[in-house]
Amino acid sequence: MNLPINGSDQKERKIIMEAAMRSFAVKLNKAIKEDMERLLPLMEGEAIYGIALVADSFLESLYIAINTEESLAALMSETEAKYGEIAPMDRLKLRWQPEAWVYNSSNLQFPAMLELNQFLVNKTVEDFNGFEMLFYETVLDEMIKLDRNGVFGEMETRVDRIIFLTIEGDSRRVSIENFFASQLNSEAQFAEFMARFEPIHQK
């Protein structure tokens, strides 16, 4: 995504950036749909509880992370075998930390997200704050569209899956996760997500 916005005309810069983000939206929608279709069969028969889109703080990469109750239990057992009993708060962090989740885009050979990430790495922006705002808006819009089309699960399974975006290495991580979760899930799901770091809430 090449954004040659070195001119002084703010309106022109905005038009160029918005055009680039429309192109990004098409690529994002296609990449998530294709990778989800290939990832979901890998966990057939398992109970999916979380699906996250994970970005870095420079907005140069995105990947899909998915976790199931079964894979979480296996991770807990493996961790306890190596390091001893896991503290309640650490259990919650493992449950809701997509970087630690078992299933993600790297499970796929040539994931569609790779092409999308090349698109992001090649971007040049003069106004990062403006780009960041458009990025979040675009990602949210496309995730909503994909959700409505059943990409994250059909009605009978979607109710058990909490969907959100997270940003690795960003001090605003929790607030960004909360905002996306509030927009992408039911009120009941969002309430469960907001209580995710309360030990009493642990499943």
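Predicted model: local features only at pLDDT ≥ 70, side-chain atom pairs only at ≥ 80, totals over all residues.
**View 1. The open sheet and the pairing of β1 with β4.** Four strands form an open sheet in the order β3-β2-β1-β4, and the pairing within the sheet is mixed. Its edges are formed by β3 (103-104) and β4 (162-168), each of which pairs on one side only.

**View 2. Threonine 68 and its surroundings.** Threonine 68 belongs to strand β2, which spans residues 62-68. Its relative accessible area is 0%, and because buried means under 20%, threonine 68 is classed as buried. When neighbours within four places in sequence are left aside, threonine 68 is in contact with Met43, Glu46, Ala47, Ile48, Tyr49 and Tyr103. One of these, tyrosine 103, is 35 residues away from threonine 68 in sequence, while the C-alpha atoms of the two are 8.6 Å apart in space. The side chain of threonine 68 makes a polar contact of 2.5 Å with the side chain of glutamate 46, and a polar contact of 2.9 Å joins the side chain of threonine 68 to that of serine 71.

**View 3. The largest pocket and its lining.** The largest pocket holds about 260 Å³ of space. Eleven residues line this pocket, and those nearest its centre are Gln10, Lys14, Met17, Asp127 and Gly130. Two elements, α1 (10-39) and α5 (128-148), each give two or more residues to the lining, and α1 gives the most, with five residues. Sorted by class, the lining of the largest pocket comprises four nonpolar, two polar and five charged residues.

**View 4. Two loop residues with positive phi.** Leucine 59, although it is not a glycine, has a positive phi of about 55°, and it lies in the loop that links β1 and β2. Phenylalanine 110 is likewise not a glycine and has a positive phi of about 55°; its place is in the loop between β3 and α4 (113-121). Are these residues buried or exposed? Leucine 59 has a relative accessibility of 1% and therefore counts as buried, whereas phenylalanine 110, at 66% relative accessibility, counts as exposed.

Note on methods: Residues numbered from 1 in each chain as written. Heavy atoms only, no water. Pairing = 2+ DSSP bridges. Buried < 20%, exposed > 50% of the residue type's maximum accessible area, 1.4 Å probe, protein only. Contact = heavy atoms within 4.5 Å. Polar contact = N/O pair within 3.5 Å; in protein donor to acceptor, adjacent residues only side chain to side chain. 1 Å grid on protein atoms, 1.4 Å probe; cavity = no way out; pocket = protein on both sides within 12 Å on 5 of 7 lines; lining within 4 Å. Points joined across faces, edges and corners; volume = space filled by probe spheres on them. Nonpolar A, V, L, I, M, F, W, Y, C, P; charged D, E, K, R; others polar.
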